[in-house]
Amino acid sequence: MPSLWDTLAGLRVRIDDYSTVRREQAVSSSFTRVTTTDVLHGGEEAGHGEDVTYTPEDHARFPENEQLAGAWSLDRLSRHLEGLTLWADEPKMEASGDYRRWAFESAALDLALRQSGTSLADAVGRPYSPVRFVASTRSQIEPYLELNPDLEFKLDVDADWDSALMERLAATDRIRVLDFKAYYRGTTVDLAPDPQLYRAVVEAFPDVVIEDAWLEDGCREALAGAEERLSFDAPIHSWHDAEKLPLAPRWLNIKPSRFGTVRKLAECIEACEEHGIRMYGGGQFELGPGRRQIQRLASVFYADAPNDVAPSEYNDGPAREGLPPSPLPPPDGVGF
């Protein structure tokens, strides 16, 4: 039986040239989100992929003259991309190398599927299903629940969470994932590991998936009894990274841009299925086609999980009437 990657590796894609689209969204007075969409042109079709690099200055010199024209298989094109730098200068963040590579790889997959007149679901021989999603926010969930009592949430834990706040959140029974963000360094969202906080969270939310908890310095002991609920995100750029974790994960947050290549993404998804590891989709504050693509991946591979792939409208402002409810209907049409 062919592997998941084998079902995609032989897809043919013809590229004539490519262009880019820069998008910006002011998130706060101190942060503007910038992404670049890579558009591969081939005949009358175009394939799109999004570079979600977080440092705005790294989008200023997106490569414009890489030699991509020609007829390729996805596998051969990926090997060709391996030999290209794709950067004028070293990116400010190490992970950005994977983010830019994914822009080209996902655009190539999109174009190959469109030129073949097929969808991702048909290409891998699986159906599209309705996509359950969670809203990713901080602790002020009441305005959302007033508008949609059925909405579920993924929350970032904060150092100032006390027992009263945790009891209030737990009482809603709408929290599905809590993120400790222990593997980020020097960002506005990272949280210093704290065994006392870990223990309080695990006890207050006995059924919630716990993401990116630190496993040293007394933190693993504080998580005793919650091992089946532990999930990982930031450290995972390949299945090999999952194998290196100090415990066998039972959950993984699948963010395709972290993997860089379609092959590494496919290998990790397949390995998770083989090892009984539950998956859910994750986003990177995409402003363009990347958001649609993570929803389609979820629709094919982990549709009924607590997917952090809410429609982009949830990133555009506060809780308000008209936000799409979960689940999202199965997608249609060709491409990725």
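Analyst: Let's start with the sheet and then turn to the helices. This is a predicted model, where local features need pLDDT of at least 70, side-chain atom pairs count only at pLDDT 80 or more, and totals for chains, interfaces and linings use all residues. Residues are numbered from 1 along each chain as its sequence is written, and side-chain values use heavy atoms, with hydrogens and water left out.

The sheet is open and has 3 strands, in the order β2-β3-β4, with antiparallel pairing. (Strands are DSSP runs of E, at least two residues, and helices are runs of H or I, at least four, numbered from the N terminus; two strands pair if DSSP finds at least two bridges between them.) At the edges sit β2 (17-28) and β4 (45-51), each pairing on one side only. On average, neighbouring strands are turned by 25 degrees against each other, direction ignored. β3 (residues 31-42) and β4 are joined by 7 bridges, and H41 stands opposite A46 in β4.

Now the helices. α3 packs on this sheet, touching β2, β3 and β4 (contact means heavy atoms within 4.5 Å), and its direction makes about 155 degrees with that of β4. Angles run from 0 to 180 degrees between N-to-C directions, and axes are lines fitted to C-alpha atoms, for helices over the stretch in contact. α12 (residues 289-301) also lies across β2, β3 and β4, at about 95 degrees to β4.

α3 (residues 96-116) meets α11 (residues 262-275) too: their axes come within 9 Å and cross at roughly 90 degrees. In this contact, D98, W102, E105 and L109 of α3 meet V262, K264 and L265 of α11.
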